[in-house]
Amino acid sequence: EARRATPEKPLVIATGGPLTNVASAWLLAPDIADRVIVSSILSAGANGWNDNADAWAKYIVLQRMRSVILSTELRNSEQRKPRLTVEQLLTAMPDTELRRYMIDRTRAGNDQAIDIASLMVAVRPDLVRQTRRYSFSHWVPGKPWWSDSHPEVPVYREDRGGPVTVITEIAPRSEFEEEY
């Protein structure tokens, strides 16, 4: 699919987990880089599950492909408690089989459905209020999520000319609720 896309009409890949498959695709076919936009939920730091699960994939994708990241810091910070609930995000999506499936999973108690937020960048770009550019800064020890090992993970810093677009502000909940 990426090879059928063009830089002007790219394939948007919305991820809900580590970037392993996207990095693998680039490693197998580097020519797809300018034909793809990767949308994901990641940390500019090294705080998230997706950041720690496959740090090299995060590094490869964010260095080689156009990327739009919904910052986990935005979603989790005290100052900016989740402005959009999973239910609200799903309600904003077009009424499709995928949307109904995800709503059913969310109601069944699957808290991982918040990963749908990465899809919202493509489906509802009007919810984005502010972005900043970031670039790779350095490596730090990762968190031992499932073992005693401490792999290193990449950390990014704000950089006006950086290759990664990070969403740093989304529409206030009240503004979103008025519409839905």
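This report walks through the fold, the sheet and an aromatic cluster of a predicted model.

## Ground rules

Residue numbers start from 1 along each chain as its sequence is written, and side-chain values rest on heavy atoms, with hydrogens and water left out. Because this is a predicted model, local features need pLDDT of at least 70 and side-chain atom pairs count only at pLDDT 80 or more, while totals for chains, interfaces and linings use all residues.

## The overall fold

Let's start with the whole chain. The protein chain holds eight helices and six strands; these are DSSP runs numbered from the N terminus, with helices being H or I of at least four residues and strands being E of at least two. Read from the N terminus, the elements follow the order β-α-β-α-α-β-α-α-α-α-β-β-β-α.

Of the 180 residues in the protein chain, 43% are buried (buried is under 20% relative accessible area, exposed is over 50%, and partly exposed lies in between, with a 1.4 Å probe and protein chains only). The accessible surface comes to about 10000 Å², and carbon and sulfur atoms account for 52% of that surface (Shrake-Rupley method, 1.4 Å probe; for residues, only the protein chains shown count as cover). Contacts are heavy atoms within 4.5 Å. Among contacts between residues at least 6 apart in sequence, 75% join residues at least 24 apart.

## The sheet

The six strands of an open sheet are ordered E1-E2-E3-E6-E4-E5, with mixed pairing; two strands pair if DSSP finds at least two bridges between them. Strand E1 (11-14) and strand E5 (152-158) are the edge strands, each pairing on one side only. On average, neighbouring strands of this sheet are turned by 35° against each other, direction ignored.

Strand E2 (residues 36-42) and strand E3 (residues 66-71) run parallel and are joined by six bridges. Here Ser 40 stands opposite Ile 69 in E3. Helix H3 packs on the sheet, where H3 touches E2, E3, E4, E5 and strand E6 (164-170), and the direction of H3 makes about 35° with that of E5. For such angles, axes are lines fitted to C-alpha atoms, for helices over the stretch in contact, and angles run from 0 to 180 degrees between N-to-C directions.

How many aromatic pairs does a search of the whole structure find? The search finds six, where rings of Phe, Tyr and Trp (its six-membered ring) pair if their centres lie within 6.5 Å; planes under 30 degrees apart are stacked, over 60 edge-to-face and the rest tilted. The rings of Trp 56 and Trp 139 have centres 4.8 Å apart and planes at 45°, so this pair is tilted. Trp 56 sits in helix H3 (residues 55-64) and Trp 139 in strand E4 (residues 128-141), so the pair ties together parts 83 residues apart in sequence. Trp 56 is exposed, at 55% relative accessible area, whereas Trp 139 is partly exposed, at 25%.

Tyr 59 and Phe 136 make an edge-to-face pair, with 5.0 Å centre to centre and 80° between the planes. This pair too links distant parts of the chain, with Tyr 59 in helix H3 and Phe 136 in strand E4, 77 residues apart. Tyr 59 is partly exposed, at 23% relative accessibility. Trp 56, Tyr 59, Phe 136, Trp 139 and Tyr 156 form one aromatic cluster.

## Ala 23 in helix H1

Ala 23 belongs to helix H1 (residues 20-28) and is buried, at 4% relative accessibility. Leaving aside neighbours within four places in sequence, Ala 23 is in contact with Ala 57, Ile 60 and Val 61. Ala 23 and Lys 58 are 35 residues apart in sequence and 7.6 Å apart in space, C-alpha to C-alpha.
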